[in-house]
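Please have the sequence and the 3D view open while reading.

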Amino acid sequence: MGVLAAKAAAPQDPQDNDQTLHSMRDEMERSKTRLSLAIPGVPLPVKPYYIEYRLLDLDVREIEADFGALLATTHNRTRFMNVSARVGDYKRDSSNFVSDDGFRGFIGPTGSVGIDRDYNSLRQDLWIATDQAFKEAAETYSRKQAYLGTLARQSDIDDFSKAEPLHIVEPLVAPDWSNRNWEQEARETSGALRAFPELYEARVTYYLVYATEYLVTSEGTEIRTNRSFASIEAALNTLAKDGVPVNNFYSTYVPKPADLPNVQTVRNDLNVTGTELIALRSAPTAQDYTGPVLFENRAAAPMLAQVLGPAMNGARPPISFSPVMEQLLTGLGGKSDWVTRIGARVMPTSVTLVDDPSLKDFQGKPLLGGYAVDQEGVRAQKVTLVDKGNLKGELMSRRPGPDFGESNGHGRAAFLGDATPTMSNLIFSSNDTLSPADMKKKFLDACKAEKLPYCLVVREMDNPSISLLHQEDFQELLASFGGGAGTGDRLPLVIYRVYPDDGREELIRGSRIIGLNTRLLRNISAVGNDNFVYNYMQSQVAGFAGTAFGAFGSAQNGLPASIVAPSLLFDEVEVRGARGEPKRLPLLSAPQMAAK
């Protein structure tokens with residue numbers, strides 16, 4: 001055992017009757033010594049060189065309310081396992097390959113297991129899953145070897161990196177739902193939206209999570225850690241006067257349920273959200289525009305989440321049997337623009353970008369993305385990504401890339417998904433900043449210099465995974481938006497025209513930003529000193545994680561993260577005007593609702 005492992009080891013509480021690690025450890029030892037497969041024509045039996053057992057114990061409460069009425073309340077305790085096996089060696093193995101029947105060999109068989117932490121039941125489940133995972137890995141390795149044999153030149157990047165074995169066993173944490181009546185709070189907070197009868201739907205969801213994660217590997221790693229978070233998310237929908245759908249959302253995320261804001265605070269915030277949506281409903285539609293754009297801090301942080309999420313991923317993409325996968329990754333923004341560019345200038349020379357999982361707060365405001373060890377059993381590390389505008393580092397999992405061959409503890413996943421290089425607490429800073437008043441002046445001066453009748457200020461970005469209640473609406477958005485996500489299409493939600501002659505502001509709707517990508521970040525013309533803490537969920541839905549869509553997450557499928565960023569000014573951004581399809585307005589007026 002290495003120094004890190006010995007230092008992290010902790011004795012298990014004698015009162016702790018959790019047999020999970022014991023069961024996983026014993027089944028791992030049996031698999032390491034006895035698991036093999038005889039293949040005709042192969043002189044020696046095939047054995048896995050690496051086996052991994054992951055288990056997630058979830059305790060979740062979810063409460064939904066609409067206009068003061070309780071729609072649903074659930075409390076579920078579930079346990080899931082994920083078993084993966086690798087055939088070959090660290091240099092070349094059965095992972096990272098998209099064959100003609102899909103991406104196999106990187107995520108092992110998954111399934112639910114008993115919630116009572118029974119030793120024998122879990123060993124039985126692990127035994128069956130290990131057998132399946134190993135057989136799939138052996139078949140995938142054979143397919144991969146055959147495909148690689150057809151290539152004129154194979155990649156010299158390893159498939160998997162070694163890691164120091166860790167022993168971390170945290171005490172079990174019992175869920176603390178606090179003494180608050182969550183159902184009554186959901187009724188009362190959603191009731192604030194009864195003041196807006198023009199709304200068609202106004203769903204408010206409380207989502208409270210406690211989780212215990214287990215990891216045992218054939219390398220010797222044994223981990224049990226706890227995490228929790230809580231959220232309130234609200235989706236508001238209506239139709240504008242011309243029949244075009246408009247939406248808005250509210251979200252707040254905290255480390256544990258007791259930290260959620262009280263009823264009156266949420267009601268006030270929802271009142272602001274509803275007022276904004278009613279204003280959008282009657283706002284004029286956006287026109288095509290090219291010129292200066294000011295992203296205020298509430299909008300700058302989520303915009304950076306969309307642009308930087310894929311760019312910071314230093315792992316190489318999987319080898320693809322079909323060019324369709326290559327096109328898909330490019331279209332969704334799943335390929336990093338920064339790989340192989342270490343040392344190059346990627347931002348203004350005043351800017352520093354750091355990802356630090358050890359941070360708990362920023363200037364007294366809690367950060368949600370912290371953790372001690374990632375989902376691959378590697379200790380979390382602080383990474384300086386950009387220093388004085390130059391690219392210095394990338395986020396790495398145990399899948400190596402062209403620039404770095406080892407993990408820096410950023411292999412993250414939610415709900416036993418594929419661990420990918422993912423941000424935690426990202427801090428954007430600059431040594432050359434302006435006050436909000438000076439930023440506004442520079443923005444208006446740029447607008448006058450361009451002799452434009454108006455320029456645009458973005459106050460908030462959209463998150464369609466929350467704001468769009470219906471799956472068909474989200475699918476329609478993806479059909480129109482997906483192809484441009486990789487090249488820089490972004491969705492502002494609250495955006496204003498500002499007239500430089502008199503400073504007048506006018507809310508508009510239906511705009512879409514075009515071409516806002518990592519290359520445009522080099523040309524940020526001014527940075528504010530008004531840092532904003534943006535806690536959000538990174539989507540872990542298959543096909544979304546690691547792409548530009550990764551920033552569109554919700555509590556039900558997301559991974560907690562935080563970005564700290566100030567207002568940002570760009571001298572030239574292209575914004576496309578409204579393209580929405582109108583729908584038939586209701587024949588009858590909305591029914592009367594009395595606000596409590």
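## Basis

This is a predicted model, in which local features need pLDDT of at least 70, side-chain atom pairs count only at pLDDT 80 or more, and totals for chains, interfaces and linings use all residues. Residues are numbered from 1 along each chain as its sequence is written, and side-chain values use heavy atoms, with hydrogens and water left out.

## Strand 20

Strands (E, at least two residues) are DSSP runs, numbered from the N terminus. Buried means under 20% relative accessible area, with a 1.4 Å probe and protein chains only.

Two strands pair if DSSP finds at least two bridges between them. Strand 10 (residues 289-295) runs parallel to strand 20, joined by 3 bridges. Strand 21 (residues 492-498) runs antiparallel to strand 20, with 6 bridges. Val457 is the bridge partner of Leu294 and also stands opposite Tyr496 in strand 21.

Six strands form an open sheet with mixed pairing, in the order 16-15-12-19-26-25. Strand 16 and strand 25 (532-539) are at the edges with a single partner strand each, so one side of each has no neighbour in the sheet.

Within this sheet, strand 12 (residues 351-355) and strand 15 (residues 383-387) are antiparallel and joined by 3 bridges. Leu353 stands opposite Val386 in strand 15.

## His410

His410 lies in the loop between strand 16 (390-391) and strand 17 (411-412). His410 counts as buried because its relative accessibility is 0%. Not counting residues up to four places away in sequence, His410 touches residues including Asp355, Tyr371, Asp374, Val383 and Thr420; contact means heavy atoms within 4.5 Å.

How values were computed:
Helices (H or I, at least four residues) and strands (E, at least two) are DSSP runs, numbered from the N terminus. Buried means under 20% relative accessible area, exposed over 50%, partly exposed in between (1.4 Å probe, protein chains only).
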